[in-house]
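Me: I have a chain open and want to find my way around. Can you take me through it?

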Amino acid sequence: QVQLVESGGGLVQAGGSLNLSCAASGRIFSMGWFRQAPGKEREFVASKRSGLIPNYADSVKGRFTISRDNSKNTVYLQMNSLKPEDTAVYYCAAKTRQSGTYPYTRSYDYDYWGQGTQVTVSS
């Protein structure tokens, strides 16, 4: 069983920055971030597998950076130049088995999910 604990969400003005973190217990093969805005489906944001380059949704490329600290079993999402349309609940996700093909952009690629952290960007 893997547990994911997220932190770092909050309220920020447009153009500002936030850094989300997700600490995992247990062995992780790959991790990702998704988000869900009110009334919308959950969507892929970024993913990172050890030894491979990060992957991003087009809407966040150049603004968000995903990174992993394997020594802490933690994944981060640095979000810069935030826009009101980035407002959503952000979820980290963990994949514990080697299956499928990276960059794992689908919800069903992942086995465990964090509780979610709210990010609100005001205009």
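Reply: Here is a quick walk through the disulfide, the core and a few loop residues.

Me: Okay, what should I know before we start?

Reply: This is a predicted model: local features need pLDDT of at least 70, side-chain atom pairs count only at pLDDT 80 or more, and totals for chains, interfaces and linings use all residues. Residues are numbered from 1 along each chain as its sequence is written, and side-chain values use heavy atoms, with hydrogens and water left out.

Me: How many disulfides are there?

Reply: The count is one. A disulfide here is a pair of cysteine sulfur atoms within 2.5 Å. Cys-22 and Cys-92 form it, with their sulfur atoms 2.0 Å apart.

Me: And what parts of the chain does the pair link?

Reply: Distant ones. Cys-22 sits in strand β3 (residues 18-25) and Cys-92 in strand β9 (residues 88-95), 70 residues apart. Strands (E, at least two residues) are DSSP runs, numbered from the N terminus.

Me: Are those cysteines buried or exposed?

Reply: Both Cys-22 and Cys-92 are buried. Buried means under 20% relative accessible area, using a 1.4 Å probe and protein chains only.

Me: New topic. How many residues does the largest nonpolar core have?

Reply: It has 35 residues. A nonpolar core is a set of buried Ala, Val, Leu, Ile, Met, Phe, Trp, Tyr and Cys residues joined through side-chain atoms within 4.5 Å. Among those with the most contacts inside it are Trp-33, Phe-64 and Tyr-90.

Me: Which element gives the largest share?

Reply: That is β9, with five residues.

Me: What does Tyr-90 touch?

Reply: Its contacts (heavy atoms within 4.5 Å) include Leu-20, Trp-33, Phe-64 and Val-119, not counting residues up to four places away in sequence.

Me: Now Arg-63. Where is it?

Reply: Arg-63 lies in the loop between β6 (55-56) and β7. Arg-63 counts as buried because its relative accessibility is 10%.

Me: What does its side chain reach?

Reply: The side chain of Arg-63 reaches the backbone oxygen of Ser-81 at 3.0 Å. Arg-63 also touches other residues, including Met-79 and Asp-86.

Me: Last one: which residues have a positive phi without being glycine?

Reply: Asn-73 is one of them, at about 55 degrees. Tyr-104 is another, near 55 degrees. Most residues other than glycine have a negative phi.

Me: Where are those two?

Reply: Asn-73 is in the loop between β7 and β8. Tyr-104 is in the loop between β9 and β10 (112-113). Tyr-104 is buried, with a relative accessible area of 1%.

Conventions:
Helix = DSSP H or I, 4+ residues; strand = E, 2+ residues; numbered from the N terminus. Buried < 20%, exposed > 50% of the residue type's maximum accessible area, 1.4 Å probe, protein only. Polar contact = N/O pair within 3.5 Å; in protein donor to acceptor, adjacent residues only side chain to side chain.
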